[in-house]
Amino acid sequence: MPIKQNRRNFLKTVGATSVALGVLPHQAQAASPFFKLYMMIPNNQPARMIWGTLAAQQISKLGVDVISSFVPFTVIAPRRTTGQGKTYPEGGWDAYLERYYYNSITPVPSNLFSSKAFPPAGQNFYYVDDPQIDKSLEDYGSSLDAKARMDAIHRFEKRWYDIQPMTILFYPRDVIAVNPKLKGFTATTFNPVFFPDPENWEIEGQGDNATSAFASWAPPSNLIPMYTIGYNESNIFGPVYNRLYEYENWETKKVVPGLALSHTMSADGKHWVIKLREGVKWHSGEDFTAKDVKFTWDTIMNKAYASPFQAAFVEVFGTTDAYKITGPHEITVDLPKFTILFENWLMTAMQVMPEHAYKDIKPEQLRGHPANTWLGTYTVKLSNGKTYTARGGIGTGPWKATGQDPTRKAYKFEKNEHYWKKTPGNVKTFFVVNISGSDSVLSALKAGEIDAHDPMYDIGSLVSTIDPSWGKVHSFDSYKWQHVCYNLKHPVFGTGVDTPLGKKDPSRAAEAAAYVRLAFSHAMPREQIVKEIAAGYGEPGTVPMPYTAPEYDHEMLKPIAYDMDLAREYMTKAGYTY
Amino acid sequence: MLGLSLIVFVVVVAVAAPLLAPYDPNDQSAMLNFGARAAPSLLHPFGTDRMGFDVLSRVIYGAPTALAVGLGAMLVASVIGVVIGGLSGYIGGLSDELMMRFTEFFLVIPVFIVILAVVRLFGIIVVGTWAERIPHINLMTIIVLLGLFGWPPIARITRAEFLRLKQMEFVEAARCIGATRRDIVVRHILPNAMPSLVVIIAIGIGGAILAEAMVSFLGFGDPKAVSWGQLLYFNYESLKVAPWASIAPSMAIFITVLGFNLLADGLSDAFNPRLKQ
């Protein structure tokens, strides 16, 4: 059968040629990679995907088999929270990228990096477990003396700089374009301290009844304050609630009374008496009292509600016996020891929730409740026998939640005409809309559909395309940083037990892991990332401390050199040979 | 002819990519030297993109990926489509009914959602297994999925052709001389059905290339593969400040898909006896 023979020969030839030429593109691989690292790159922001891809490639140049994947943050979050330190193949994680910040203007690194704050009750998703870091954070948090605190935070920074538990890539500057007719836009967004603050907005030419919209990139997962750690969420719930103390504005970052009018503190910093503001009403019409503050703290302290702030609250209060109501508008606190967290985080950053509205919601129901989702309505019984129907969270803040429109990805607010503080703006109806993409948000601004947006859009590289007729550009020190974080229980770059040095001398395993991380750190071209991807809006990163914060030790924290030779030297120190 | 010329051009570029591309496709030295988003120049004829890649090199290295996707997906789709459509048309009766309903079921599945979900799931399942060592496993998955969901049109055309051809006199003649059913199908009916199949397969190749570009554009592509869709994904937001990085891969997709569509058009005309007269 000559025809069949020819066909077979033809197929063989084509097959062999295809293989020889390589039908699929090839990628050069290290002959024998030292180890494998799975890097998850959140796929919700092209700019971050770019530096994530670059970071993965730079690490692979050190002889590491980096397997990167673009994933939504919904994939990362459960892996880091419930992974129990497991590696990626075991269901946990190895490395990922994120933009992060402290939950208050005063840095509170113990919430993120103390060994007491491991998940699920805490936010130390990275399992930073270093005695020197713990000690410095303990000293920082528990000292009444400002100088001693500054010394302690500098020790934290020094230790971090030396062992690089994660790679801080850069400190972004937030760039936001707004409607040029919008006045009173003075702050970037920052969870949970700064929100869009539309009650201060004045839109020219819209009289006394203006409508305004703010774009936020990612949709929220939760809208009950104690569940939220992202400012995509605080952008929405923030304008609804109040805190005990609040910040005057972004420029001064000065603390001013919120729901608390004043407080006294004993000499040892343990005994506090807080006077609460009288005459404040919840959106339902119910009076705000000390019971609401106690209810908020009790709820967060209750493990059944699984708040990510629970561990930090326990660190502050110890138990719920630490505070008690001593008057309708007075609460007395006896801390087990002084901690900076109480005044600078708990009182200034945590929103107060309404007891009358949320107390009957069971822990297992709260995440799916309309108070958290803003979908649908729910009815609240009031002390005067009447009822109030809510379409979202109930707060004391300047804005009343009026529900979510899932088809338009919009959250609607009406101005609280009975707000306890006089506000200057003319905006009476406000929307937060979810828009994905930098180009899309600028198109929406140009079309007049939005008046401002949150800084997630990283519009720095597009500033030259914004015409002053439709967009006014603001830039803020962001108080955030972009990092590549590592699972510090990983046997190579976490504990180091699987590094050649760690295997040879287990007592030096942690040292070996630090060498690997230092190698990663020196492989990152930070200046290039800032200039080329962030369009110059930022500063190269060193440690998890806002670059413009007074606590940042500019003298000690010299830029980390991009030096591949030095990086390979560190790998060699960890026992890897090239 | 134009279609064929365009495809030959793309194939030549794909085969000779290492010789034609001025830089390695993964070379980000422009970024490291503060030269990302640089306008076209002698050094970088198509400029550099946001990631510091040389756009020309990435476009050139995207060609083998596009062809692998187009040809690979259609190979899978053709095999399934021809087998199911051929059996359905030749056997007829209840088998035909069942197989056509099965085909229609595949036609109504939202392919993209399935592809995105499977790519994500597969990316998790293969972790730590032997499959992970397969180069470009994500891309392979996309190719196979495009093939697995791209066969129904081929099956329907095959069935129609088999229904028509099995009544023809030359098939009757083959039966009379004692040809086996296998011979009748493989040596008599299938070759005569090929003209119609080649046309739909050629169109399918263009469609598959476009589909992969869309999957990559949605951020679900293979991070290690050089793909035109991914190039677009990473650069579309810089369209106003670095248009070259988006225009070049867009043109590459346009040329390739146009080439296959024109080829299909040409083949359709070439196989049409009425046009020949």
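A polar contact here is a pair of N or O atoms within 3.5 Å; within protein, one must be able to donate a hydrogen and the other to accept it. With that in hand, here are the close-ups, all taken from a predicted model.

**View 1. Polar contacts between chain B and chain A.** Six residue pairs are in polar contact across this interface, with both partners at pLDDT 80 or more. On the side of chain B that touches chain A, helix H3 (29-32), helix H4 (55-91), helix H6 (111-125), helix H7 (137-148) and helix H11 (228-235) each supply at least two residues. That side of chain B is made up of 19 nonpolar, ten polar and eight charged residues.

**View 2. The salt bridge that joins the chains.** The rule finds one salt bridge across the interface of chain B and chain A. Its partners are A:Asp439 and B:Lys240, whose closest N and O atoms lie 3.6 Å apart.

**View 3. The contact as a whole.** Chain A brings 47 residues to the contact, and chain B brings 37. Together the two chains bury about 3,800 Å², with 58% of that area on carbon and sulfur atoms.

**View 4. A five-stranded sheet in chain A.** This open sheet runs in the order S16-S17-S18-S7-S19, and its pairing is mixed. Strand S16 (399-405) and strand S19 (452-453) form the edges, each pairing on one side only.

**View 5. Strands S7 and S18 of chain A, side by side.** Seven bridges link strand S7 (residues 210-216) to strand S18 (residues 427-434) in the parallel sense. To pick out one of these bridges, look for A:Thr211, whose bridge partner in S18 is A:Thr429.

How values were computed
Residues numbered from 1 in each chain as written. Chains lettered and ligands numbered in written order. Predicted model: local features only at pLDDT ≥ 70, side-chain atom pairs only at ≥ 80, totals over all residues. Heavy atoms only, no water. Pairing = 2+ DSSP bridges. Helix = DSSP H or I, 4+ residues; strand = E, 2+ residues; numbered from the N terminus. Contact = heavy atoms within 4.5 Å. Buried area = accessible area lost by both parts, 1.4 Å probe. Salt bridge = Lys/Arg side-chain N within 4 Å of Asp/Glu carboxyl O. Polar contact = N/O pair within 3.5 Å; in protein donor to acceptor, adjacent residues only side chain to side chain. Nonpolar A, V, L, I, M, F, W, Y, C, P; charged D, E, K, R; others polar.
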